[in-house]
Amino acid sequence: MDYEALFGQAVDKLHAEKRYRVFTEVARNCGSFPVADNFSGIGPAKITMWCSNDYLAMGQHPVVIEAMQEAAAEYGAGAGGTRNISGNSHAIVELERELADLHGKEAALAFMSGYIANQTSLSTLAKLLPNCVILSDADNHNSMIEGIRQSGVERHIFRHNDLAHLEELLKAQPLDRPKLIAFESVYSMDGDISPIHAICDLADKYNAMTYLDEVHAVGLYGNRGGGIADRDNAMHRLHVIQGTLGKAFGVVGGYIAASKTIVDAVRSYAPGFIFSTAMPPAVAAAAAASVRYLKVSQVERARHQERAATLRRMLLNAGLPVLVNQSHIVPVMVGDPALCKAASDLLLSDHGIYIQPINYPTVPRGTERLRITPTPVHTDAMMQALTAALLDVWERLGLRRQAA
């Protein structure tokens with residue numbers, strides 16, 4: 001058996017389908033972001049990053065860096081074990097208190113990534129509910145899909161943000177059967193937003209539990225950065241809110257916030273939590289500092305929204321095919337995997353602009369795109385340079401435009 005050949009064939013298939021992923025090696029230098037050093041050997045050494053999920057540039061904020069440095073000096077580099085075996089640091093407990101407060105919940109539980117938080121929490125919660133059925137939005141993230149799949153419970157997919165279809169599926173279940181509705185607030189690829197109150201209304205009507213992924217909204221929306229549910233005054237209506245520390249908060253990690261009972265159940269039964277090494281104290285301290293800061297500072301959120309709106313307007317005025325939405329995400333549609341990769345390559349090699357191509361399976365085939373994420377530190381000059389570069393690439397590749 002030629003095992004190497006079998007693995008090689010799997011990789012060759014990705015190349016043939018024009019969706020092989022190439023990683024760009026970059027160094028984000030503190031204080032200069034979104035300008036970064038490019039080590040991939042493609043294009044200029046200095047590039048402007050337009051696809052980072054460090055939405056508010058908090059990864060380089062002095063408050064966050066100082067907290068990490070001080071905690072590392074005091075507590076060392078690693079956690080020393082799982083939460084159960086020596087890894088339950090004071091720093092991570094303090095972080096969980098901040099997160100519970102952020103979402104108006106009794107408790108929170110931190111994980112090493114948002115992916116693990118979703119995967120292990122959803123699978124555990126569903127397994128603990130006898131005869132549970134999950135209703136999942138069709139556009140949910142892979143981490144939610146995997147968690148639901150691993151639960152082994154009955155599941156139904158409702159059309160994206162389709163309340164009538166969700167109600168149809170809920171109505172088909174006995175009122176006293178445990179039901180869990182899993183959905184997101186901001187969907188990261190199209191940038192559209194879910195009707196949280198309307199979904200909670202259906203959950204109340206049909207006796208269902210709600211699980212909301214706020215990964216692309218925490219830190220960015222709401223008076224204190226609690227996400228879309230914070231902005232829409234809906235946090236109290238949700239059973240579980242899941243979020244990340246690796247995007248707007250600029251660090252790394254994931255979490256859930258819920259009642260003490262729900263958090264304790266996940267803490268006590270979830271394999272992805274029980275058997276994982278805990279978050280290092282320095283990381284937890286940095287994340288807690290970022291959360292605390294964004295609870296009171298409105299400057300970054302306001303600037304972020306203005307920058308996203310300004311860039312969207314520039315690109316639309318230039319006739320580029322922007323998928324319009326109400327969030328901070330600016331997708332520019334290409335619709336072909338090879339052309340999407342070619343556009344990304346040309347932007348990097350000829351213009352020093354880094355935007356990673358988004359292809360299947362992240363998005364459906366035929367909806368390939370460049371997903372642009374402006375931050376508060378992107379300037380007007382950078383936006384003008386980006387617009388000109390996109391127009392050049394669109395013309396050279398013969399890509400579809402839309403009327404200005």
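Ala57 is buried, with a relative accessible area of 5% (buried means under 20% relative accessible area, exposed over 50%, partly exposed in between, with a 1.4 Å probe and protein chains only). Ala57 sits in the loop between β3 (46-49) and α2. Its phi is near 60°, a positive value in a residue other than glycine.

This is a predicted model, in which local features need pLDDT of at least 70 and side-chain atom pairs count only at pLDDT 80 or more, while totals for chains, interfaces and linings use all residues. Residues are numbered from 1 along each chain as its sequence is written, and side-chain values use heavy atoms, with hydrogens and water left out. Helices (H or I, at least four residues) and strands (E, at least two) are DSSP runs, numbered from the N terminus.

**Backbone exceptions**

- Most residues other than glycine have a negative phi, and most peptide bonds are trans.
- Asn161 has a phi near 55°, a positive value in a residue other than glycine. Asn161 belongs to the loop between β6 (154-158) and α7 (163-171).
- Phe33 and Pro34 are joined by a cis peptide bond, with omega about 15°. Pro34 is in the loop between β1 (26-27) and β2 (35-38).
- Tyr360 and Pro361 are also joined by a cis peptide bond. Here omega is about 10°. Pro361 is in the loop between β13 and β14.

**A three-stranded sheet**

- Three strands form an open sheet in the order β11-β14-β13, with antiparallel pairing. Two strands pair if DSSP finds at least two bridges between them.
- The edge strands are β11 (330-333) and β13 (357-358), and each pairs on one side only.
- Helix α13 (residues 299-317) packs on this sheet and touches β11 and β14. Its direction makes about 20° with that of β11. Contact means heavy atoms within 4.5 Å. Axes are lines fitted to C-alpha atoms, for helices over the stretch in contact, and angles run from 0 to 180 degrees between N-to-C directions.
- Helix α15 (residues 380-397) lies across β11 and β14. It runs at about 175° to β14.
- β13 pairs with β14 (residues 369-372) in the antiparallel sense, over two bridges. Pro357 has Leu370 in β14 as its bridge partner.

**An enclosed strand**

- Five of the five residues of β4 (residues 107-111) are buried, so the strand is largely enclosed by the rest of the structure.
- In a regular strand the side chains alternate between the two faces of the sheet.
- Both faces of β4 are covered. Ala107, Leu109 and Phe111 are buried on one side, and Ala108 and Ala110 on the other.
- β4 pairs with β10 (residues 254-258) in the antiparallel sense, over five bridges. Leu109 has Ile256 in β10 as its bridge partner.

**Salt bridges**

- The count comes to 24 salt bridges. A salt bridge is a side-chain nitrogen of Lys or Arg within 4 Å of a carboxyl oxygen of Asp or Glu.
- Lys295 forms a salt bridge with Glu98, with the closest N and O atoms 2.7 Å apart. The pair links distant parts of the chain: Lys295 is in helix α12 (residues 281-296) and Glu98 in helix α4 (residues 90-102), 197 residues apart. Lys295 and Glu98 are both buried.
- Glu98 and Lys295 are also part of a network of salt bridges that includes Asp101, Arg224 and Arg292.
- Arg369 and Asp190 meet through their side chains in a salt bridge of 2.5 Å, N to O. Arg369 lies in β14 and Asp190 in the loop between β7 (179-184) and α8, so the pair ties together parts 179 residues apart in sequence. Arg369 counts as buried at 2% relative accessibility. Asp190 is partly exposed, with a relative accessible area of 27%.

**A buried glycine**

- Gly81 is in the loop between α2 (62-75) and α3 (83-87). Gly81 is buried, with a relative accessible area of 14%.
- Not counting residues up to four places away in sequence, Gly81 touches Ser86, Gly87, Thr277 and Ala278.
- The C-alpha atoms of Gly81 and Met279 are separated by 9.2 Å, although the two residues are 198 residues apart along the chain.
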